[in-house]
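Biologist: Could you walk me through this one? I have not worked with it before.

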Amino acid sequence: MVAAGLPIAVGAAHAQKLLKKGDDITVCFFGDGAINRGPFLEALNWARVYDLPVLFVCEDNRWSATTASGPMTAGDGASARAASLDIAATQVDGNDVFAVHEAAARLVAEVRAGSGPRLLHALTYRVKGHVSVDLAAYRDPAELAAALETDPIARARGRLLSAGVAAATLDAIENAARDEVDTALAVADAAPWPDADAAFTDVQTTGAGQWR
Ligand SMILES: Cc1ncc(C[n+]2csc(CCOP(=O)(O)OP(=O)(O)O)c2C)c(N)n1
């Protein structure tokens, strides 16, 4: 369920606070679509009221499945809503891995030091459809073309090359990542289908009625 993770994360953070678990904090990721659901408000409010060790991370890719988030979002989005609940928010270019790293490191340190909740609002763009069968034909191709110009991996590669990292080192990292994904796909394709009975395991029963 969209936004369902937010109250769960706040519950985990509340437990960490009560148990005084050292450096442990909770980091909770969600999309821009989630901020229009009630649990977002409930979770941020609870986190601030109890000063919980939680970092909220909104991955704002401007699309909620097949709906553009902008026209259905009042006000200035995740950061503004956090600020209205007295939660300091940092907006960052989510396609700049160095900027995200710097902001995340600072916010994690603040939360660990007892600041209470923080929110990181990372602006990015979804370059594919919502799921594999979604061709995303409903969006403006120019919007996609502009977004592809800001590809985070290409930008990171450029920065690392100009910082003196050898191209071969970067190629090796990229190839290892591709191999890992290829292997995962091959293993999944080769795996047997699960037993049909597995659909009924780990399912909660209310104790009433029978399976029909
Ligand atoms: C309460 C609820 N409404 C609708 C859906 C169907 N749905 C699944 S993903 C999605 C869009 C989510 O967009 P966002 O929160 O921005 O996350 P993203 O997928 O872009 O990371 C929707 C509407 C759902 N899972 N839960």
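Modeller: Sorted by class, the shell around the ligand holds five nonpolar, four polar and three charged residues. Here Ala, Val, Leu, Ile, Met, Phe, Trp, Tyr, Cys and Pro count as nonpolar, Asp, Glu, Lys and Arg as charged, and the others, Gly among them, as polar. This is a predicted model, in which local features need pLDDT of at least 70 and side-chain atom pairs count only at pLDDT 80 or more, while totals for chains, interfaces and linings use all residues. Residues are numbered from 1 along each chain as its sequence is written.

Biologist: Which residues surround the ligand?

Modeller: They are Met1, Val2, Gly31, Asp32, Gly33, Ala34, Glu59, Asn61, Trp63, Ser64, Ala65 and Arg126.

Biologist: In what order do the strands of the open sheet lie?

Modeller: Four strands form that sheet in the order S1-S2-S6-S5, with parallel pairing. Strand S1 (26-31) and strand S5 (89-93) are the edge strands, each pairing on one side only. Two strands pair if DSSP finds at least two bridges between them. On average, neighbouring strands of the sheet are turned by 20 degrees against each other, direction ignored.

Biologist: And how many bridges join S2 to S6?

Modeller: Strand S2 (residues 54-60) and strand S6 (residues 118-123) are joined by six bridges and run parallel. Leu55 stands opposite Arg118 of S6. On the other pairing, S1 and S2 are also parallel, over six bridges. There, Phe29 has Val57 of S2 as its bridge partner, and Cys28 stands opposite Phe56.

Biologist: Why is S2 called largely enclosed?

Modeller: Six of the seven residues of S2 are buried, so the rest of the structure largely encloses this strand. A residue is buried if 20 or more other C-beta atoms, placed from the backbone, lie within 10 Å of its own, exposed if 12 or fewer, and partly exposed in between. Over the chain of 212 residues, 21% count as buried.

Biologist: What about S1, which residues are on its covered face?

Modeller: Thr26, Cys28 and Phe30 make up the covered face of S1, and Val27, Phe29 and Gly31 the uncovered one. In a regular strand, side chains alternate between the two faces of the sheet. Helix H1 (residues 5-19) lies across S1 and S2, at about 170 degrees to S1. Such angles run from 0 to 180 degrees between N-to-C directions, with axes fitted to C-alpha atoms, for helices over the stretch in contact.

Biologist: Which residues touch the most other members of the largest nonpolar core?

Modeller: Of its 30 residues, these are Leu6, Val10, Val54, Leu55, Phe56, Cys58 and Leu119. S2 gives the most to this core, with five residues. The core is a set of buried Ala, Val, Leu, Ile, Met, Phe, Trp, Tyr and Cys residues joined through C-beta atoms within 7 Å.

Biologist: Let me pick one: what does Phe56 touch?

Modeller: Leaving out residues up to four places away in sequence, Phe56 touches Cys28, Leu44, Pro117 and Leu119. Contact requires C-beta atoms, placed from the backbone, within 7 Å.

Biologist: Now a loop residue. Is Ile35 buried or exposed?

Modeller: Ile35 counts as buried because it has 28 C-beta neighbours inside 10 Å. Ile35 is found in the loop between S1 and H2. With residues up to four places away not counted, Ile35 touches Phe40, Cys58, Thr73, Gly77, Ala78 and Arg81. Ile35 and Leu6 are 29 residues apart in sequence, and their C-alpha atoms are 9.9 Å apart.

Biologist: Last topic: what is the phi of Ala3?

Modeller: Ala3 has a positive phi of about 80 degrees although it is not a glycine. Ala3 sits in the segment before H1, and counts as partly exposed with 19 C-beta neighbours inside 10 Å. Asp51, likewise not a glycine, has a positive phi near 50 degrees. Asp51 belongs to the loop between H2 and S2, and is partly exposed, with 13 other C-beta atoms within 10 Å.

Conventions. Helices (H or I, at least four residues) and strands (E, at least two) are DSSP runs, numbered from the N terminus. Two residues are in contact if their C-beta atoms, placed from the backbone, lie within 7 Å. A residue is near a molecule or strand if its C-beta atom, placed from the backbone, lies within 6 Å of it.
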